[in-house]
Amino acid sequence: MQSWVKDEPAVEIARVKVPGLIVQGSLDNQVSEGDARALKAAQPAAKLVVIQGANHVFRAAPSTDLMAQLKLYTDPTIPIVPELTPAIAGWIKSLK
């Protein structure tokens, strides 16, 4: 899927002139923590939040094993990790 993307995310985020928030799950199989840190490096003014134990859709994951995470993508009754909402709300509140 990444090969379908024409733009380089780090180049694009470097152009951003408004506050930014980068939220990354530590057990994300689609975007690595290194990718998130590269975005932060390209846009130092952005805030980076890494949520431990969260996957790409911000649900608590047992590991990075794809099969172990499958239900997290398909079961809408599984809640997002509780850390996500305060991370976003706190960032919004910090904008003044």
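Reply: A salt bridge here is a side-chain nitrogen of Lys or Arg within 4 Å of a carboxyl oxygen of Asp or Glu. By this rule the count is three. The model is predicted: local features need pLDDT of at least 70, side-chain atom pairs count only at pLDDT 80 or more, and totals for chains, interfaces and linings use all residues. Residues are numbered from 1 along each chain as its sequence is written, and side-chain values use heavy atoms, with hydrogens and water left out.

Exposure needs cut-offs too. Buried means under 20% relative accessible area, exposed over 50%, and partly exposed in between (1.4 Å probe, protein chains only).

Start with Arg15 and Glu12. Their closest N and O atoms are 3.6 Å apart. Arg15 is exposed, with a relative accessible area of 55%. Glu12 is partly exposed at 30%.

Next come Glu33 and Arg37, bridged at 2.7 Å, N to O. Both lie in helix H2 (residues 33-42), four residues apart, about one turn of the helix. Helices are DSSP runs of H or I, at least four residues, numbered from the N terminus. Glu33 is partly exposed, at 26% relative accessible area. Arg37 is also partly exposed, at 43%.

Then there are Lys71 and Asp75, whose side chains meet in a salt bridge of 4.0 Å, N to O. Lys71 is exposed, with a relative accessible area of 52%. Asp75 counts as buried, at 17% relative accessibility.

Notes. Helices (H or I, at least four residues) and strands (E, at least two) are DSSP runs, numbered from the N terminus.
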